[in-house]
Amino acid sequence: MNNRTQTQIDAELLLDFFLVFSRAEYALKNAGFLKGDERRVDPDWDAFAASIKNQFLKDKSKELEVAVKYILYNPPMKQVLRQNSLMWEANTPNAGLTETEKLLLLVRRVRNNLFHGGKHNVGLFENTERSTQLLTSSIIVIRECILLSPGVEAVYKGAVI
């Protein structure tokens, strides 16, 4: 494997997370969970979370229960700028959010940290077990949430990728 594709985390897991997350965003937008204007449109994760909050049952399966617990009790950190330096800080979601809203906010943070954050610094992020568990748990949560909205699920299943 060359240096360009070498990772500390399993490449198949990274690809699985990328595909699940990107298909979910595609499905949300195309099922009507979107926000924006003529210049930009984004999936509306918050509206989606609110729409399924009463259907989301974290104890539906042991796998889901473990995933939810892991994300909520080991939330991804948030990258911030302090005194012109990038830093990581614990940043808990607003207490007024429902558990489903918190979960999907934290799943998005996992994505943001992976794609926009500093997760590529091996010296700083040696705990690949934690990152692996966050990615795996996020995939489980996203897949469960998709199943709770027939419109979103239909678009998700029909996606080419």
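This is a predicted model: local features need pLDDT of at least 70, side-chain atom pairs count only at pLDDT 80 or more; totals for chains, interfaces and linings use all residues.
Reader: How is the packing of two helices to be described?

Author: Two packed helices are described by the angle between their axes and the distance between the axes. In this structure, helix α1 (residues 11-30) and helix α6 (residues 150-158) have axes that come within 8 Å and cross at roughly 125°. α1 is therefore oblique to α6.

Reader: In which hand does α1 pass α6?

Author: The crossing of α1 with α6 is right-handed.

Reader: How is empty space in a model to be located?

Author: Rolling a probe the size of a water molecule over the atoms shows where empty space is left. Here, the second largest pocket holds about 190 Å³ of space.

Reader: Which elements each supply at least two residues of the lining of the second largest pocket?

Author: These are α1, β2 (41-43), α2 (45-52) and α4 (99-115). The most comes from α4, with 3 residues.

Reader: How many nonpolar, polar and charged residues does the lining of the second largest pocket have?

Author: There are 7 charged residues in that lining, with 3 nonpolar and 1 polar. Among the lining residues are Glu 25, Lys 35, Arg 40, Asp 42, Asp 46, Arg 108 and Arg 111. Phe 21, Pro 43, Trp 45 and Asn 112 also line this pocket.

Key. Residues are numbered from 1 along each chain as its sequence is written. Side-chain values use heavy atoms; hydrogens and water are left out. Axes are lines fitted to C-alpha atoms, for helices over the stretch in contact, and angles run from 0 to 180 degrees between N-to-C directions. Helices (H or I, at least four residues) and strands (E, at least two) are DSSP runs, numbered from the N terminus. Angles under 35 degrees count as roughly parallel, over 145 as roughly antiparallel, 65 to 115 as roughly perpendicular and the rest as oblique. A crossing is left-handed if the near helix is turned anticlockwise from the far one by less than a right angle, and right-handed if clockwise. On a 1 Å grid over the protein atoms alone, a cavity is a set of points where a 1.4 Å probe fits but cannot get out, and a pocket is an open set with protein on both sides within 12 Å along at least five of seven lines; lining residues have an atom within 4 Å of a point. Grid points are joined across faces, edges and corners, and a volume is the space filled by probe spheres set on the points. Ala, Val, Leu, Ile, Met, Phe, Trp, Tyr, Cys and Pro count as nonpolar, Asp, Glu, Lys and Arg as charged, and the others, Gly among them, as polar.
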